[in-house]
Amino acid sequence: MHRLPHHSQLNDEELLQQYRNNADNIWLGHLLQRHTLLLLGIAMKYLADKDAAADAVQQIFLKTLSHLPDEPIANFKGWLYILMRNHCLQQLRDKTRFAEDTLLEQLSADDGTDLERLQQMEITLQEMQDALQTLVLEQRNCLDAFYLQKKSYTDIMVATGFSFAQVKSYIQNGKRNLKIILSKNLKHPQP
Amino acid sequence: MSDFSQIWNPGDEGKNLLTEAQMQGYLEGRLSDEERRIVEESLSNESPESDALEGLQLLTEEERNALHLKLNAELRKSLNKKRKHRRDMPSQRWTVLAILLILLLAVLAYVVLFFVKKSV
(Lines give C-alpha, C1' and ligand atoms only; values in the text may rest on other atoms or scores of the structure.)
Protein backbone atom coordinates (compact mmCIF):
# COMPACT_ATOMS: atom_id res chain seq x y z
CA MET A 1 0.00 0.00 0.00
CA HIS A 2 1.19 3.52 -0.80
CA ARG A 3 2.32 5.27 2.37
CA LEU A 4 1.92 9.03 2.69
CA PRO A 5 5.09 10.95 3.56
CA HIS A 6 5.41 12.72 6.90
CA HIS A 7 4.60 16.42 6.62
CA SER A 8 7.97 17.49 8.05
CA GLN A 9 9.72 15.82 5.11
CA LEU A 10 7.88 17.92 2.56
CA ASN A 11 8.48 21.49 1.47
CA ASP A 12 5.63 23.99 1.19
CA GLU A 13 4.82 23.26 -2.42
CA GLU A 14 4.85 19.49 -1.87
CA LEU A 15 2.50 19.86 1.11
CA LEU A 16 0.18 21.91 -1.06
CA GLN A 17 0.30 19.21 -3.71
CA GLN A 18 -0.58 16.56 -1.11
CA TYR A 19 -3.55 18.67 -0.10
CA ARG A 20 -4.70 18.97 -3.69
CA ASN A 21 -4.18 15.25 -4.39
CA ASN A 22 -5.90 13.99 -1.25
CA ALA A 23 -8.42 16.80 -0.73
CA ASP A 24 -7.65 16.59 2.98
CA ASN A 25 -7.39 19.82 4.97
CA ILE A 26 -4.91 18.27 7.35
CA TRP A 27 -2.14 18.93 4.81
CA LEU A 28 -3.13 22.55 4.51
CA GLY A 29 -3.19 22.71 8.30
CA HIS A 30 0.41 21.51 8.52
CA LEU A 31 1.37 24.03 5.89
CA LEU A 32 -0.29 26.97 7.63
CA GLN A 33 1.02 25.98 11.03
CA ARG A 34 4.51 26.22 9.59
CA HIS A 35 3.95 29.92 8.96
CA THR A 36 1.97 31.01 12.02
CA LEU A 37 4.84 33.00 13.49
CA LEU A 38 5.56 34.66 10.16
CA LEU A 39 1.93 35.71 9.77
CA LEU A 40 1.76 36.96 13.34
CA GLY A 41 4.89 39.05 12.84
CA ILE A 42 3.63 40.60 9.61
CA ALA A 43 0.27 41.41 11.20
CA MET A 44 2.03 42.95 14.20
CA LYS A 45 4.20 45.10 11.97
CA TYR A 46 1.21 46.61 10.22
CA LEU A 47 -1.44 46.62 12.93
CA ALA A 48 0.80 47.09 16.00
CA ASP A 49 -1.83 45.55 18.26
CA LYS A 50 -1.59 41.98 19.45
CA ASP A 51 -5.32 41.26 19.55
CA ALA A 52 -5.92 42.77 16.12
CA ALA A 53 -2.91 40.86 14.80
CA ALA A 54 -4.15 37.54 16.22
CA ASP A 55 -7.59 38.16 14.70
CA ALA A 56 -6.03 38.95 11.35
CA VAL A 57 -4.00 35.72 11.39
CA GLN A 58 -7.12 33.70 12.18
CA GLN A 59 -8.96 35.35 9.32
CA ILE A 60 -6.14 34.51 6.95
CA PHE A 61 -6.24 30.89 8.13
CA LEU A 62 -9.96 30.69 7.48
CA LYS A 63 -9.66 32.46 4.16
CA THR A 64 -6.97 30.01 3.05
CA LEU A 65 -8.91 26.97 4.25
CA SER A 66 -12.07 27.98 2.46
CA HIS A 67 -10.88 29.95 -0.56
CA LEU A 68 -7.57 28.53 -1.66
CA PRO A 69 -7.39 29.22 -5.41
CA ASP A 70 -7.40 26.24 -7.75
CA GLU A 71 -4.53 27.67 -9.77
CA PRO A 72 -1.07 26.43 -8.88
CA ILE A 73 0.86 28.53 -6.34
CA ALA A 74 4.57 28.46 -7.09
CA ASN A 75 5.70 30.21 -3.91
CA PHE A 76 3.27 29.56 -1.08
CA LYS A 77 5.11 31.66 1.50
CA GLY A 78 5.18 34.66 -0.83
CA TRP A 79 1.51 34.18 -1.64
CA LEU A 80 0.64 34.02 2.06
CA TYR A 81 2.72 37.12 2.76
CA ILE A 82 0.88 39.16 0.14
CA LEU A 83 -2.49 37.90 1.38
CA MET A 84 -1.63 38.86 4.97
CA ARG A 85 -0.18 42.22 4.06
CA ASN A 86 -3.12 43.19 1.87
CA HIS A 87 -5.52 42.11 4.59
CA CYS A 88 -3.74 44.33 7.12
CA LEU A 89 -3.60 47.27 4.73
CA GLN A 90 -7.30 46.86 4.03
CA GLN A 91 -7.98 46.92 7.75
CA LEU A 92 -5.94 50.07 8.19
CA ARG A 93 -7.71 51.59 5.21
CA ASP A 94 -11.12 50.76 6.65
CA LYS A 95 -10.04 52.23 9.94
CA THR A 96 -8.61 55.49 8.72
CA ARG A 97 -10.93 55.96 5.74
CA PHE A 98 -8.28 57.67 3.69
CA ALA A 99 -6.46 55.13 1.71
CA GLU A 100 -3.40 56.07 -0.15
CA ASP A 101 -2.99 53.68 -3.01
CA THR A 102 0.57 54.73 -3.29
CA LEU A 103 1.25 53.16 0.10
CA LEU A 104 0.75 49.71 -1.34
CA GLU A 105 2.91 50.54 -4.29
CA GLN A 106 5.56 52.00 -2.06
CA LEU A 107 5.60 48.95 0.17
CA SER A 108 5.79 46.46 -2.64
CA ALA A 109 7.76 48.35 -5.20
CA ASP A 110 11.27 47.39 -5.90
CA ASP A 111 13.53 50.27 -6.67
CA GLY A 112 14.07 48.75 -10.09
CA THR A 113 17.81 49.02 -9.85
CA ASP A 114 19.64 46.34 -11.71
CA LEU A 115 21.62 44.91 -8.84
CA GLU A 116 23.46 42.35 -10.94
CA ARG A 117 24.61 45.01 -13.36
CA LEU A 118 25.75 47.10 -10.45
CA GLN A 119 27.73 44.20 -9.05
CA GLN A 120 29.36 43.51 -12.37
CA MET A 121 30.44 47.11 -12.78
CA GLU A 122 33.69 48.16 -11.28
CA ILE A 123 32.66 50.37 -8.43
CA THR A 124 35.71 51.80 -6.84
CA LEU A 125 36.13 52.16 -3.15
CA GLN A 126 36.25 55.90 -3.59
CA GLU A 127 32.90 55.94 -5.48
CA MET A 128 31.29 53.87 -2.78
CA GLN A 129 32.64 56.08 -0.04
CA ASP A 130 31.48 59.20 -1.86
CA ALA A 131 28.01 57.73 -2.30
CA LEU A 132 27.89 56.74 1.35
CA GLN A 133 28.68 60.31 2.34
CA THR A 134 25.60 61.57 0.53
CA LEU A 135 23.24 59.45 2.63
CA VAL A 136 21.49 60.91 5.64
CA LEU A 137 23.49 60.51 8.82
CA GLU A 138 21.34 57.77 10.38
CA GLN A 139 21.47 55.57 7.27
CA ARG A 140 25.20 56.13 6.87
CA ASN A 141 25.93 55.28 10.49
CA CYS A 142 23.79 52.15 10.45
CA LEU A 143 25.29 50.87 7.18
CA ASP A 144 28.78 51.58 8.43
CA ALA A 145 28.19 49.86 11.76
CA PHE A 146 26.46 46.80 10.31
CA TYR A 147 28.57 46.13 7.22
CA LEU A 148 31.94 47.67 7.90
CA GLN A 149 32.22 47.26 11.65
CA LYS A 150 30.23 43.99 11.59
CA LYS A 151 28.14 45.02 14.57
CA SER A 152 24.91 43.25 15.46
CA TYR A 153 21.53 44.94 15.51
CA THR A 154 21.62 44.91 19.30
CA ASP A 155 25.04 46.61 19.35
CA ILE A 156 23.77 49.29 16.97
CA MET A 157 20.61 49.79 19.02
CA VAL A 158 22.68 50.24 22.19
CA ALA A 159 25.18 52.58 20.52
CA THR A 160 22.62 54.78 18.77
CA GLY A 161 19.50 54.52 20.89
CA PHE A 162 17.49 53.53 17.81
CA SER A 163 14.75 50.90 18.02
CA PHE A 164 15.02 47.57 16.20
CA ALA A 165 12.62 48.79 13.51
CA GLN A 166 14.60 52.00 13.01
CA VAL A 167 17.91 50.16 12.61
CA LYS A 168 16.33 47.77 10.10
CA SER A 169 14.71 50.61 8.22
CA TYR A 170 17.89 52.74 8.07
CA ILE A 171 19.86 49.78 6.74
CA GLN A 172 17.23 48.84 4.15
CA ASN A 173 16.69 52.41 2.99
CA GLY A 174 20.40 53.17 3.07
CA LYS A 175 21.12 50.18 0.82
CA ARG A 176 18.37 51.20 -1.56
CA ASN A 177 19.54 54.82 -1.73
CA LEU A 178 23.13 53.75 -2.21
CA LYS A 179 22.09 51.62 -5.17
CA ILE A 180 20.17 54.52 -6.70
CA ILE A 181 23.10 56.91 -6.30
CA LEU A 182 25.61 54.45 -7.75
CA SER A 183 23.31 53.57 -10.67
CA LYS A 184 22.94 57.25 -11.51
CA ASN A 185 26.68 57.70 -11.37
CA LEU A 186 27.18 54.74 -13.69
CA LYS A 187 24.73 56.15 -16.22
CA HIS A 188 26.09 59.67 -15.99
CA PRO A 189 29.72 59.40 -14.89
CA GLN A 190 31.05 62.54 -13.32
CA PRO A 191 34.17 63.98 -14.88
CA MET B 1 36.44 46.54 -2.94
CA SER B 2 37.09 45.96 0.75
CA ASP B 3 34.17 45.35 3.10
CA PHE B 4 31.87 47.49 1.00
CA SER B 5 31.25 44.40 -1.10
CA GLN B 6 29.41 42.99 1.91
CA ILE B 7 26.60 45.45 1.29
CA TRP B 8 25.54 43.46 -1.77
CA ASN B 9 26.39 39.82 -1.84
CA PRO B 10 25.65 38.25 -5.22
CA GLY B 11 21.99 37.36 -5.39
CA ASP B 12 21.35 38.27 -1.77
CA GLU B 13 17.93 39.71 -2.63
CA GLY B 14 16.64 36.22 -3.19
CA LYS B 15 18.18 34.70 -0.10
CA ASN B 16 15.50 35.30 2.45
CA LEU B 17 14.52 31.78 3.25
CA LEU B 18 14.59 31.95 7.01
CA THR B 19 12.78 29.16 8.75
CA GLU B 20 10.43 29.60 11.67
CA ALA B 21 13.08 27.92 13.87
CA GLN B 22 15.70 30.48 12.80
CA MET B 23 13.33 33.35 13.54
CA GLN B 24 12.39 31.89 16.90
CA GLY B 25 16.04 31.28 17.77
CA TYR B 26 16.93 34.84 16.82
CA LEU B 27 14.12 36.34 18.87
CA GLU B 28 15.07 34.26 21.89
CA GLY B 29 18.76 35.09 21.50
CA ARG B 30 19.72 31.43 21.14
CA LEU B 31 21.76 31.72 17.92
CA SER B 32 25.52 31.72 17.59
CA ASP B 33 27.20 34.89 16.27
CA GLU B 34 27.42 33.35 12.81
CA GLU B 35 23.77 32.26 12.75
CA ARG B 36 22.67 35.65 14.07
CA ARG B 37 24.65 37.38 11.31
CA ILE B 38 22.85 35.30 8.66
CA VAL B 39 19.47 36.34 10.06
CA GLU B 40 20.46 40.00 10.31
CA GLU B 41 21.83 40.09 6.78
CA SER B 42 18.50 38.73 5.62
CA LEU B 43 16.77 41.48 7.61
CA SER B 44 18.54 44.13 5.60
CA ASN B 45 16.62 42.99 2.50
CA GLU B 46 12.91 43.48 2.02
CA SER B 47 11.28 40.12 2.62
CA PRO B 48 8.39 38.48 4.50
CA GLU B 49 10.78 37.35 7.22
CA SER B 50 12.20 40.81 7.59
CA ASP B 51 8.72 42.29 8.09
CA ALA B 52 7.76 39.47 10.43
CA LEU B 53 10.80 39.84 12.66
CA GLU B 54 10.18 43.56 12.92
CA GLY B 55 6.60 42.91 14.02
CA LEU B 56 7.52 40.13 16.41
CA GLN B 57 9.95 42.45 18.20
CA LEU B 58 6.90 44.34 19.43
CA LEU B 59 5.80 41.35 21.51
CA THR B 60 7.39 39.98 24.65
CA GLU B 61 8.55 36.38 24.57
CA GLU B 62 5.57 35.32 26.72
CA GLU B 63 3.07 37.13 24.50
CA ARG B 64 4.64 35.68 21.39
CA ASN B 65 4.62 32.12 22.68
CA ALA B 66 1.09 32.41 24.05
CA LEU B 67 -0.26 33.80 20.77
CA HIS B 68 1.64 31.24 18.74
CA LEU B 69 0.14 28.37 20.73
CA LYS B 70 -3.33 29.91 20.74
CA LEU B 71 -3.36 30.47 16.99
CA ASN B 72 -2.16 26.95 16.23
CA ALA B 73 -4.79 25.52 18.58
CA GLU B 74 -7.51 27.58 16.89
CA LEU B 75 -6.31 26.39 13.51
CA ARG B 76 -6.49 22.74 14.60
CA LYS B 77 -9.99 23.36 15.96
CA SER B 78 -11.15 24.84 12.64
CA LEU B 79 -9.62 21.91 10.77
CA ASN B 80 -11.31 19.32 13.00
CA LYS B 81 -14.63 21.08 12.62
CA LYS B 82 -14.32 21.08 8.84
CA ARG B 83 -13.25 17.42 8.73
CA LYS B 84 -16.10 16.36 11.04
CA HIS B 85 -18.56 18.33 8.95
CA ARG B 86 -17.30 16.57 5.86
CA ARG B 87 -17.54 13.14 7.52
CA ASP B 88 -21.11 13.87 8.63
CA MET B 89 -22.20 14.80 5.14
CA PRO B 90 -23.93 11.92 3.26
CA SER B 91 -21.83 10.51 0.49
CA GLN B 92 -22.68 11.82 -2.99
CA ARG B 93 -21.80 8.46 -4.49
CA TRP B 94 -24.50 6.68 -2.53
CA THR B 95 -27.07 9.30 -3.48
CA VAL B 96 -26.31 8.80 -7.18
CA LEU B 97 -26.48 5.00 -6.78
CA ALA B 98 -29.83 5.24 -4.98
CA ILE B 99 -31.29 7.43 -7.75
CA LEU B 100 -30.08 5.01 -10.43
CA LEU B 101 -31.55 2.06 -8.55
CA ILE B 102 -34.94 3.77 -8.25
CA LEU B 103 -34.92 4.59 -11.97
CA LEU B 104 -34.01 0.98 -12.82
CA LEU B 105 -36.83 -0.36 -10.65
CA ALA B 106 -39.28 2.04 -12.27
CA VAL B 107 -38.27 0.87 -15.77
CA LEU B 108 -38.53 -2.79 -14.69
CA ALA B 109 -41.94 -2.20 -13.16
CA TYR B 110 -43.10 -0.56 -16.38
CA VAL B 111 -41.81 -3.45 -18.54
CA VAL B 112 -43.43 -6.05 -16.25
CA LEU B 113 -46.74 -4.19 -16.23
CA PHE B 114 -46.58 -3.78 -20.00
CA PHE B 115 -46.18 -7.54 -20.60
CA VAL B 116 -48.77 -8.46 -17.98
CA LYS B 117 -51.28 -6.15 -19.63
CA LYS B 118 -50.43 -7.51 -23.08
CA SER B 119 -50.88 -11.15 -22.02
CA VAL B 120 -54.29 -10.43 -20.45
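B:E49 and A:K77 form a salt bridge, with their closest N and O atoms 2.5 Å apart. B:E49 lies in helix α3 (residues 48-56) of chain B and A:K77 in helix α5 (residues 76-96) of chain A, so this pair joins two chains. The model is a predicted one. B:E49 counts as buried because its relative accessibility is 1%, and buried means under 20%. A:K77 is buried as well, at a relative accessible area of 14%.

Side chains of opposite charge can pair when their charged atoms come close. Over all chains, the structure holds 11 salt bridges. Three of them are listed here.

| Salt bridge | Closest N and O atoms |
|---|---|
| B:E49 and A:K77 | 2.5 Å |
| B:E28 and B:R30 | 2.7 Å |
| A:K50 and B:E63 | 3.8 Å |

The salt bridge between A:K50 and B:E63 also joins two chains, since A:K50 lies in helix α4 (residues 50-67) of chain A and B:E63 in helix α4 (residues 61-88) of chain B. A:K50 is partly exposed, at 35% relative accessibility, and B:E63 is partly exposed at 25%.

The pair B:E28 and B:R30 belongs to chain B. B:E28 is partly exposed, with a relative accessible area of 25%, while B:R30 counts as exposed at 54%. Elsewhere, A:K45, A:K168, B:D51 and B:E54 are joined into one network by salt bridges that share partners.

In soluble globular proteins, nonpolar side chains tend to be buried together. Here the largest nonpolar core has 64 residues, and those with the most contacts inside it include A:L40, A:Y153 and B:L53. Helix α3 (residues 36-47) of chain A gives the most to this core, with 9 residues.

Chain B has 5 helices and 0 strands. Of its 120 residues, 31% count as buried. The chain exposes about 8100 Å², and carbon and sulfur atoms supply 63% of that area.

How many of the 28 residues of α5(B) are buried? The count is 0, and the helix is hardly covered. Its 28 residues should span 40 Å at 1.5 Å a residue, and the end C-alpha atoms are 41 Å apart, which agrees. B:W94 is found in this helix, which covers residues 92-119, and counts as exposed because its relative accessibility is 55%. Together with B:V96, B:L97, B:I99, B:L100 and B:L103, B:W94 forms a nonpolar patch on the surface, with about 620 Å² of accessible area.

Key
Residues are numbered from 1 along each chain as its sequence is written. Chains are lettered from A and ligands numbered from 1 in the order in which they are written. This is a predicted model: local features need pLDDT of at least 70, side-chain atom pairs count only at pLDDT 80 or more; totals for chains, interfaces and linings use all residues. Side-chain values use heavy atoms; hydrogens and water are left out. Patches are made of residues with over 30% relative accessible area and no salt bridge: like charges are joined within 9 Å, nonpolar side chains (Val, Leu, Ile, Met, Phe, Trp, Tyr) within 5 Å. Accessible areas come from the Shrake-Rupley method with a 1.4 Å probe; for residues, only the protein chains shown count as cover. A salt bridge is a side-chain nitrogen of Lys or Arg within 4 Å of a carboxyl oxygen of Asp or Glu. Helices (H or I, at least four residues) and strands (E, at least two) are DSSP runs, numbered from the N terminus. Buried means under 20% relative accessible area, exposed over 50%, partly exposed in between (1.4 Å probe, protein chains only). A nonpolar core is a set of buried Ala, Val, Leu, Ile, Met, Phe, Trp, Tyr and Cys residues joined through side-chain atoms within 4.5 Å. The expected span of a helix is 1.5 Å times one less than its number of residues.
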